[in-house]
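Please walk me through this structure, one part at a time.

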Amino acid sequence: MISTAATPEEYFESLPADRQEVMNRLYSTITSNLPHGFDQGISYGMLTWVVPHSTYPNGYHCDPKQALPFLSLASQKSIIALYHMGLYADKALYDWYVAEYPKHSKTKLDMGKSCIRFKKPENIPFDLLAELFQKMTPADWVMQYEKMLNAPRETK
């Protein structure tokens, strides 16, 4: 279920009624806790927060015309997905989140390297997510991103 919305407002208008409340609460949690300096928009059919070109002119290495992506939120067919690139790039942050999750939720963590999947809105650990969103500033993300980009590649 990929949204064709062009703005966050259109995105919310296109949500099914049963997802409106939880998505609004997640959106509010993000916007209330994400450090200043990220820009919001729509990318790949999701609500997205990026480091703007005015802060990081190099942009996203896969397509430098795009601002550097950091966080995305999507209401998909059977899940709500939250993509946090800091979790992918920073092992200490990833380990912290994995260790903290059981303290905030009775459900098993459903997570990939940067994607946290929530099947039931009532099981979303909003307080933990609020804390996660506060942990990385745009400058922190750029530093971690460049460190990851410049790391030596493993050869097999």
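Predicted model: local features only at pLDDT ≥ 70, side-chain atom pairs only at ≥ 80, totals over all residues.

Residues are numbered from 1 along each chain as its sequence is written, and side-chain values use heavy atoms, with hydrogens and water left out.

Start with two helices. Helices here are DSSP runs of H or I with at least four residues, strands are runs of E with at least two, and both are numbered from the N terminus. Two packed helices are described by the angle between their axes and the distance between the axes. Helix α2 spans residues 17-33 and helix α5 spans residues 126-134. They pack at an angle of about 35°, and their axes lie 8 Å apart. An axis is a line fitted to C-alpha atoms, for helices over the stretch in contact, and angles run from 0 to 180 degrees between N-to-C directions. The crossing of α2 past α5 is right-handed. That term applies if the near helix is turned clockwise from the far one by less than a right angle; anticlockwise gives left-handed.

Which residues of α2 and α5 meet? From α2 come Val22, Arg25, Leu26, Thr29, Ile30 and Asn33. From α5 come Phe126, Leu129, Ala130, Phe133 and Gln134. Contact means heavy atoms within 4.5 Å. By class, this contact has seven nonpolar residues, three polar and one charged. Ala, Val, Leu, Ile, Met, Phe, Trp, Tyr, Cys and Pro count as nonpolar, Asp, Glu, Lys and Arg as charged, and the others, Gly among them, as polar.

Arg25 also lies over the face of Phe126, at 3.7 Å from the ring centre. A charge sits over a ring if NZ of Lys or CZ of Arg is within 6 Å of the ring centre and within 35 degrees of the ring normal. The charged end of Lys135 does this too, over the ring of Trp96, 4.5 Å from its centre.

Now look at how α5 is covered. Phe126, Leu128, Leu129, Ala130, Leu132 and Phe133 in α5 are buried. Buried means under 20% relative accessible area, exposed over 50%, and partly exposed in between, with a 1.4 Å probe and protein chains only. The cover over these buried residues includes α2, β3 (68-75), β4, α3 (85-89), α4 (91-104) and β5 (115-118).

His84 belongs to strand β4, residues 80-84. Its relative accessible area is 0%, so His84 is buried. Leaving aside neighbours within four places in sequence, His84 is in contact with Phe70, Leu71, Leu93, Ser114, Leu132 and Phe133.

Turn to the aromatic rings. Rings of Phe, Tyr and Trp (its six-membered ring) pair if their centres lie within 6.5 Å; planes under 30 degrees apart count as stacked, over 60 as edge-to-face and the rest as tilted. By this rule there are nine aromatic pairs. In one of them, the rings of Phe12 and Tyr27 have centres 5.2 Å apart and planes at 80°, so the pair is edge-to-face. Phe12 is in helix α1 (residues 8-14) and Tyr27 in helix α2, 15 residues apart. Phe12 is buried, at 11% relative accessibility. Tyr27 is partly exposed, at 23%. Elsewhere, ring pairs link Phe38, Tyr56, Phe70, Trp141 and Tyr145 into a cluster.

Tyr27 has another partner, Gln40. Gln40 lies in strand β1 and is partly exposed at 32% relative accessible area. Not counting residues up to four places away in sequence, Gln40 touches Pro8, Tyr27, Thr31, Leu47, Thr48 and Trp49.

Finish with the loops. Tyr44 sits between β1 (39-43) and β2 (46-51). Most residues other than glycine have a negative phi, and most peptide bonds are trans. Tyr44 has a positive phi, near 55°. Tyr44 is exposed, with a relative accessible area of 59%.

Pro121 lies in the loop between β5 and α5. Pro121 is partly exposed at 30%. Not counting residues up to four places away in sequence, Pro121 touches Val22 and Phe126.

Lys77 is in the loop between β3 and β4, and at 73% relative accessibility Lys77 is exposed. Lys77 and Ile2 are 75 residues apart in sequence, with 9.0 Å between their C-alpha atoms.
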